[in-house]
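Work through the exercises below with the model open. Each task is followed by a stepwise solution.

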Protein chains: 2
Amino acid sequence: MTNHDQNCPNPDYPEKGHPLRMAKTMRSEAAEIVDLGELTKHLGYLMRRAQIWVFQDFIRTLATINIRPAQYSVLTVINANAGMTQMSLSKALGIERARLVHLLNELEARKFVDRRASKTDRRSHALHLTAKGRSALADIKSLAQEHEQHLADRVGRKNHQLLLRLLACFASG
Amino acid sequence: MTNHDQNCPNPDYPEKGHPLRMAKTMRSEAAEIVDLGELTKHLGYLMRRAQIWVFQDFIRTLATINIRPAQYSVLTVINANAGMTQMSLSKALGIERARLVHLLNELEARKFVDRRASKTDRRSHALHLTAKGRSALADIKSLAQEHEQHLADRVGRKNHQLLLRLLACFASG
DNA sequence: TATTGTTATACTCTATAACTATA
DNA sequence: TATAGTTATAGAGTATAACAATA
């Protein structure tokens, strides 16, 4: 019996097994009993496993529109802060500015984002969503909500809210 | 005011700022106000930020012994399941077997781990910690506990326990 | 035929350093 | 001198595919 069976409202949601790790040829279903030792007492281990689970569900749920978590976060924050600079976006999301360049190149190539000349500082760019970007974001948000519902189904609505509150301790601090 | 201020027992532990992201030259401390939009309602976003925080604290706390989270998990599970195969370890930790080869090569080069011939299946290896590996793991566990205490200090002891329970829903499932 | 360990490749993301053009 | 954006490189980590030895 694995650790979560006692506590998870719906341990098998959305189907048996890890979202993207369904073995192609599963001859022996016998899941070996492996002792994880101290690992299950470490928040870091559980967070890593949980984060992989969540991101894979996100990627799968938004696969039709081909948006990954990092891209979603960039679009969302630009939408909420039109005209912001790359440095500001980089700091807000904790994404290295060098990495952000590539993310923005992709989103600009897809005509979701505009880099406009700043009026006050000619070193920096003012970031804006295009009309196409705003339209796409509406669809993306809808799918992202669907994804979030998967998580709430998995862990329970109250626990979902609780996790949001508890994890905020580590964000940005 | 950031999101976690109301809820975190000790929002500034262990010092101001992110563990490894202290700017080298911080002229203007004025943290710009950036609206994160819907992101703070997404478990995935908060998990990613939290996981980065936690892993960076782990890496820093165990820097003297030069052990990273993935290496720690491998040593711990081999210790608890002497003689296990690489496939079994790969499945238990959710690490691709191709990736595990490199991890084990490193740990074998450091004389922490032995790959012995299996007695029952000549395709597979039986994994064991060496005497040096067991000795090192004792020190490593002590530092890992210190790291875990940092997390408990950050989020509060009761919340720490709560998080362990809630996140287990996503692990392994 | 399928599985174990291995090698190799591609892609995402992190971490740096260096460069340019501005400030 | 310092900062914004860019380019480049190195290293984790993930995801695949293919191969040899073995089952």
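A polar contact is a pair of N or O atoms within 3.5 Å; within protein, one must be able to donate a hydrogen and the other to accept it, and residues adjacent in sequence count only if both atoms are side-chain atoms. This is a predicted model: local features need pLDDT of at least 70, side-chain atom pairs count only at pLDDT 80 or more, and totals for chains, interfaces and linings use all residues. Residues are numbered from 1 along each chain as its sequence is written, chains are lettered from A and ligands numbered from 1 in the order in which they are written, and side-chain values use heavy atoms, with hydrogens and water left out.

**Exercise 1.** Find which protein atoms lie at the phosphate oxygens of DNA strand D.

Solution. 
- Step 1: turn to side chains. An N or O atom in the side chain of Arg99(B) is 2.6 Å from a phosphate oxygen.

**Exercise 2.** Describe the protein surface near DNA strand D by residue class.

Solution. 
- Step 1: collect residues with a heavy atom within 4 Å of the strand. There are 24 around DNA strand D, and Gln56(A), Gln86(A), Met87(A), Arg123(A) and Arg99(B) come nearest.
- Step 2: Sugar and phosphate make up 71% of its atoms that come within 4 Å of the protein.
- Step 3: sort the residues. The surface has 12 charged (Asp, Glu, Lys, Arg), 6 nonpolar (Ala, Val, Leu, Ile, Met, Phe, Trp, Tyr, Cys, Pro) and 6 polar residues (the others, Gly among them).

**Exercise 3.** Characterise the packing of α1(A) against α1(B).

Solution. 
- Step 1: define the elements. Helices (H or I, at least four residues) and strands (E, at least two) are DSSP runs, numbered from the N terminus.
- Step 2: take the geometry. Helix α1 spans residues 43-61 in chain A and in chain B; the two pack at about 145 degrees, axes 9 Å apart. Axes are lines fitted to C-alpha atoms, for helices over the stretch in contact, and angles run from 0 to 180 degrees between N-to-C directions.
- Step 3: list contacts (heavy atoms within 4.5 Å). Among them, Met47(A), Val54(A) and Phe55(A) belong to the α1(A) side, and Met47(B), Val54(B) and Phe55(B) to the α1(B) side.
- Step 4: classify. The contact has 8 nonpolar, 4 polar and 2 charged residues.

**Exercise 4.** Locate two non-glycine residues with positive phi.

Solution. 
- Step 1: Asn66(A) has phi of about 55 degrees. The residue sits in the loop between α1 and α2 (69-80) of chain A.
- Step 2: Lys111(A) has phi near 65 degrees. Its loop joins α4 and β1 (113-117) of chain A.
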